[in-house]
Amino acid sequence: MLATPPDHEVLIVGAGISGIGMAAHLEMHCPQRSYAIVERRANLGGTWDLFRYPGIRSDSDMHTLGFNFEPWKHEKSIADAPAILDYLNRIVDERGIREHIRFGHRVVAADWRGDEARWHVEIALDDGTTTRMTARFLYLGSGYYDYDQPYDPGFDFGEFEGRVVHPQFWPDDLDYDGKRVVVIGSGATAVTLVPAMAKRAGHVTMLQRTPTWMFSRPAKDAVANFLRRILPEELAYRITRWKNIKMQDIGFRRARTRPEKVKQFLHKRIDKVFGDAPYDPADFTPPYNPWDQRLCLVPDNDLFEAMKRGDAAIRTGRIARFVKGGVELEDGEVLPADVVVTATGLRLAIAGKIAFSQDGAPVDFAQRFYYKGCMFSNLPNLAVVFGYLNASWTLRADLNSEYVCRLLNEMERRGADVAVPVLTAADEAALEEDDIFDFSSGYIQRSKHIMPRNAVAYPWRLNQEYVTDRKRMAQDPVDDGIIAFGRAGDDLAGARERQLEAAE
């Protein structure tokens, strides 16, 4: 072991939900470990600070998007970005985390050096200079999409004379009062934008190539608010959180096993909202089953109510071209527009687009298997958060933070500098691979080639079953016969190979 200690025992990348959650768990469970958070932006919050478009809100309830250790105290469980940022800021201030955050620090490269048992991290600063840090353990809370470049479908705006904006880079000076707006897209961003913009715009049209399954629910959780009145805050939060987790799990499983029943249920909910008001059910009938892609949440029926008032509309069709005054569809209809919003989706990024290497050799994550949805095969002292597609992101963030704390404490108990999930060549050859994401969403399908590998058998997979993962991550021993522990310079993967060869 080197005489000079690393700059930090744990270096956390990203001061959003994942990074703040990891820091809070370290404060609770590994207070002896030094840590820092490096954040490329000037503010904490990640997604909730980056996106500034009208109406930006959660599409999951805050009793599961909130942390397991910090109750959500607002009356609304479907929260807007300012409320979420208030929640995160309160956590970092009350728990002494803010002093560990280094803003304006963008990690560009990280090299694991086995002879030192530490990561060497290259960081670009806002002033154009670079610096370096070393860390024993690296935790990636950098999210799952490209902060710099959203998905571009390649529109040619031709003669269009209006304003074109993308939700990921919302301009502060956009004036859409009384104007005609076309929002291109049918995902969560579009479903959020349309009713929010309709409050001020002359009219908003959501132009979708393919419909999305939508479901409505109240923005306020009546059960949660009742429990908060009669029970201690933390107990009420735990009960509500578990209630919502179970309801999400039941809903997802029912959609997969009885999709026609779920379709009927969703259609009946929409029928009830519209009543005698005219609408086209085809605009709410996708060519796939519910939960083959994420369902879009419509809190308090806000989108449907905007449509009933005549402030908003949905059109399903393909774009032929952009004309001077709007968008022409292939059927010849022209949607008039002064503003076009391209809510066309995200571009996924792996490991924050950081150039990773191991003893100088580039790391290709597409050749590594996930380990417990948290680490990667044969890559030491590195953990990551990629949240659930069928549930709240924070559920995985909490699981992974707790697991990494258990791992760090086991390393300390053993006097180990290194922990690595070892996958031998023979074991890898025997693994049956699985589709990492059984979802048909465009942003998922476009990005599969960069995603890590996934096995059918646990633990070499990124699972989409929180209830199962929760039991395994909490109950399975850290020392499971797969994680190898050692010191600087140890060839842990080679040692495992030699043990197997000797056993044969």
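First, a term I need: two strands count as paired if DSSP finds at least two bridges between them. I also keep in mind that this is a predicted model.

**Entry: the sheet.** I checked β14 (residues 326–329) and found three bridges joining it to β15, with the two strands running antiparallel. One of the partners I looked up is Glu328, which is bridged to Val334 in β15. Zooming out, I get an open sheet of three strands in the order β13-β14-β15, with antiparallel pairing. β13 (319–323) and β15 (334–336) sit at the edges, as each pairs on one side only. From one strand to the next, the twist averages 25°.

**Entry: salt bridges.** My count came to 38 salt bridges, and I followed up a few.

Arg41 and Asp49 meet through their side chains, 2.8 Å from N to O. Asp49 has 5% relative accessibility, so I put it down as buried, the cut-off being under 20%.

Next I looked at Arg294 and Asp59, whose closest N and O atoms are 3.8 Å apart. Arg294 is in the loop between α8 and β11, and Asp59 is in the loop between α2 and α3, so this pair ties together parts 235 residues apart in sequence. Arg294 is partly exposed at 22%, and Asp59 is partly exposed at 33%.

Then came Glu428 and Arg453, at 2.9 Å between the closest N and O atoms. Glu428 is in helix α11 and Arg453 in the loop between α12 and α13, 25 residues apart. Buried or partly exposed, I asked of Arg453? Arg453 is buried, at 18%, while Glu428 is partly exposed at 27%.

Key:
Residues are numbered from 1 along each chain as its sequence is written. This is a predicted model: local features need pLDDT of at least 70, side-chain atom pairs count only at pLDDT 80 or more; totals for chains, interfaces and linings use all residues. Side-chain values use heavy atoms; hydrogens and water are left out. Helices (H or I, at least four residues) and strands (E, at least two) are DSSP runs, numbered from the N terminus. Axes are lines fitted to C-alpha atoms, for helices over the stretch in contact, and angles run from 0 to 180 degrees between N-to-C directions. A salt bridge is a side-chain nitrogen of Lys or Arg within 4 Å of a carboxyl oxygen of Asp or Glu. Buried means under 20% relative accessible area, exposed over 50%, partly exposed in between (1.4 Å probe, protein chains only).
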